[in-house]
Every structure is written in C-alpha cells, then in structure tokens.
Amino acid sequence: MFANRTGVAAGLALFGALMGLSIVFTLFVQVGLGWSPLKAGLAGIPQAVGMVIGFVVSQPLGGRWGGRRVMHLGETLALAGLAGFVATLRLAGDGIGALDLAPALATLGVGFGMTMAPFFDITLAGVDESEAGSASGVLTSVQQLGGSVGVAALGTLFWHELARAAASPTQVGAFRSATATALGLSIALMILAGALTSRLPRAARDDHASRP
C-alpha cells in the first residue's frame, strides 16, 4: 500500500493550483477581455517558455542541492508569479494587455517547472522499492484528480465572485476583481504545497545513493 500520504497531499495542492490557474486565466482573457483563442494562446507563451526553462534548470540544481530544495525554490517563484499576476490585475486597469501579464506568467512558468520536475522522483524516494510501481500509478491519478479539483474549486470561486462584482463600473473591472480573488485560492494551495514539501525526502533515490 502506498504510504506516502504527504506526497499525495502535496500533489493535490500543486496540480490543483496549476490547473485552477489555467482555467481562470482562460476565462479572464477570452470572456473578460474578449481575446480570440489565438491571442489568448499567444499571451500564455511566457508561462509555457518559463516552464520549459524551469524543467531544464531543475536537473543540474537537483543534483547539486537535492530535489526538495529545488521544489521549494520553484514554489517560491510560483508564489511570486501569482502575487505579481494579482498585482498586475489591480494596477494595470481595464487596458491590461498581454505584455503587462508576461513578467508574472514567465515567473509562474519557471516556478511551476522547477516544482513539478523533481516532484515524482522525490515523492517516490519516500516509498519502499516494492511499492514503486503502484505508487507511480497513484501519483498519476493524483495529478489528474488535483487538476480536476483545482479547476472545479477556482472556477466556482471565479464565477461566484464575478456575480458579486457585477456592480463594477466596467465588465473588465468585474473580471479583474473575480480573477484576483480566485487566484488567492491558488496562492493558498501553493503555500500548503510548500509546507507539505518540507516533509518529503530531500532528494530522489539515486541522489541519496550518490551522496556521501
């Protein structure tokens, strides 16, 4: 039986934050700002590029520091990106554009990439070798479940807050307010994930073997 419950809980929080952010971002730019699917996709490029960078840099850093420290750094960057996103929504006004969102999205991408890359390896390092196969399957299911719960939770909060913000002077203003509120839940999930990460193994199994 897969006993690493901390890894399961951390995975639910991480993937919930990531996928919940994705649905809220899509609703904001396509429904709130009226962008086409093409423009919305192009606006998300900084996050996608950032995730690739995060995955790449996590490998050498993981070998030097251990996966858990890399995850903590990634979670910190992701939190900074989320906070930057919310600040941009508050400060940019109704004329908010893709370039306004790019710095926060890029930071988010790097943070999520650095967090996700070592997650499976260091979580599996906390289980017996005999459980590795079943544990890997459990974590794959956790990834899907966390994403589904994140989409449901942040999406519901988004629409609830949008109804409350309907009295805003402009439609875009209402969507900015609802998006900022929903992202607050994503921030809370990342903070929870960071706390749970502290209880995961310091490094992947191979890294443990190579360390003195």
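H1 passes H5 in a left-handed crossing, meaning that the near helix is turned anticlockwise from the far one by less than a right angle (clockwise would be right-handed). This is a predicted model, where local features need pLDDT of at least 70 and side-chain atom pairs pLDDT 80 or more, while totals for chains, interfaces and linings use all residues. Residues are numbered from 1 along each chain as its sequence is written, and side-chain values use heavy atoms, without hydrogens and water.

Helix H1 spans residues 5–32 and helix H5 residues 98–124; they pack at about 155°, with axes 11 Å apart. Because of that angle, H1 is roughly antiparallel to H5 (the term applies over 145 degrees). Where they touch (heavy atoms within 4.5 Å), H1 contributes residues including Gly7, Leu14 and Phe15, and H5 residues including Leu108, Phe119 and Phe120. By class, this contact has 14 nonpolar, 4 polar and no charged residues.

Now for the rings. The whole structure holds 6 aromatic pairs, with ring centres within 6.5 Å; planes under 30 degrees apart are stacked, over 60 edge-to-face and the rest tilted. Here are two of them:

| Pair | Centre to centre | Angle between planes | Type |
|---|---|---|---|
| Phe15 and Phe120 | 6.3 Å | 45° | tilted |
| Phe25 and Phe85 | 6.3 Å | 80° | edge-to-face |

Phe15 in H1 and Phe120 in H5 are 105 residues apart. Phe15 is buried at 5% relative accessible area, whereas Phe120 is partly exposed at 24% (buried is under 20%, exposed over 50%, partly exposed in between, with a 1.4 Å probe and protein chains only). Phe15, Phe119 and Phe120 form one aromatic cluster.

Conventions: Axes fitted to C-alpha atoms, helices over the stretch in contact; angles between N-to-C directions. Helix = DSSP H or I, 4+ residues; strand = E, 2+ residues; numbered from the N terminus. Parallel < 35°, antiparallel > 145°, perpendicular 65-115°, else oblique. Nonpolar A, V, L, I, M, F, W, Y, C, P; charged D, E, K, R; others polar.
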